[in-house]
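Hi,

Here is the structure I said I would pass on. Have a look at it first, and then read my notes below.

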Amino acid sequence: TYNALFDHLDDEKAKLGRKKKTWKKELMPAIEAAIQKLKNYYNATGGKEETLYNVAAILNPTLKLQTYNSGHWEKSFKVQYMRAFMQHFRDHYHRADNGPATQSASSDFTCLAALVQKRRQKTQSVQQAGEDGEYLRE
């Protein structure tokens, strides 16, 4: 979403740069302000939120890791977020002996836990040892 917004604002900025009419050129400061505001919001998506956003993106069953195949992402991000997804899955949902998944009730990922638990119920036949990798390969 951020990439699409940045691209749109950059395109509009380029178009306005070629305009001759004064009223059209006067829109440039508004676009610059919008870009700056968007950068502020984008910079606030790091840390724990970054992990959550990317785990959620990978959980989209229609995209999974394809999200990171676009030209907006460096290849290293795909590997980084795949590892983060697998580590998060193991940390929060690993079943030690086919018992219930272990997770903290105070986890920041409560909604994510519900999604993964639903997915687990649908795929009971997949062995736990490779369930996270199996999801990514489907």
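Where is the place of Asn 54? Asn 54 sits in helix 4. Helices here are DSSP runs of H or I with at least four residues, strands are runs of E with at least two, and both are numbered from the N terminus.

Before going further, a word on the ground rules. This is a predicted model, so local features need pLDDT of at least 70 and side-chain atom pairs count only at pLDDT 80 or more, while totals for chains, interfaces and linings use all residues. Residues are numbered from 1 along each chain as its sequence is written, and side-chain values use heavy atoms, with hydrogens and water left out.

**The overall picture**

The protein has seven helices and zero strands, so its pattern along the sequence reads α-α-α-α-α-α-α. Of its 138 residues, 26% are buried. Buried means under 20% relative accessible area, exposed means over 50%, and partly exposed is in between (1.4 Å probe, protein chains only). The protein exposes about 9,600 Å², with 55% of that supplied by carbon and sulfur atoms; areas come from the Shrake-Rupley method with a 1.4 Å probe, and for residues only the protein chains shown count as cover. If you take contacts between residues at least 6 apart in sequence, 51% of them join residues at least 24 apart. A contact is a pair of heavy atoms within 4.5 Å.

**The largest pocket**

Rolling a probe the size of a water molecule over the atoms shows where empty space is left. The largest pocket holds about 530 Å³ of space. A pocket is an open set of points on a 1 Å grid over the protein atoms alone, where a 1.4 Å probe fits and protein lies on both sides within 12 Å along at least five of seven lines; lining residues have an atom within 4 Å of a point. Points are joined across faces, edges and corners, and the volume is the space filled by probe spheres set on them.

The lining has 18 residues, and those closest to the centre are Tyr 2, Asn 3, Tyr 42, Asn 54 and Trp 73. Helix 1 (2–17), helix 4 (48–58) and helix 5 (75–93) each give two or more residues to the lining, and helix 4 gives the most, with four. By type, the lining splits into eight nonpolar, eight polar and two charged residues. Here Ala, Val, Leu, Ile, Met, Phe, Trp, Tyr, Cys and Pro are nonpolar, Asp, Glu, Lys and Arg are charged, and the others, Gly among them, are polar.

Back to Asn 54: this residue is buried, at 8% relative accessible area. Beyond residues up to four places away in sequence, Asn 54 touches Tyr 68, Trp 73 and Tyr 81.

**Charged residues**

Side chains of opposite charge can pair when their charged atoms come close. There are two salt bridges, each being a side-chain nitrogen of Lys or Arg within 4 Å of a carboxyl oxygen of Asp or Glu.

- Lys 15 pairs with Glu 12, with the closest N and O atoms 3.2 Å apart. Both lie in helix 1, three residues apart, about one turn of the helix.
- Lys 13 pairs with Glu 32, with the closest N and O atoms 2.7 Å apart. Lys 13 is in helix 1 and Glu 32 in helix 3 (residues 28–43), so this pair ties together parts 19 residues apart in sequence.

Enjoy exploring!
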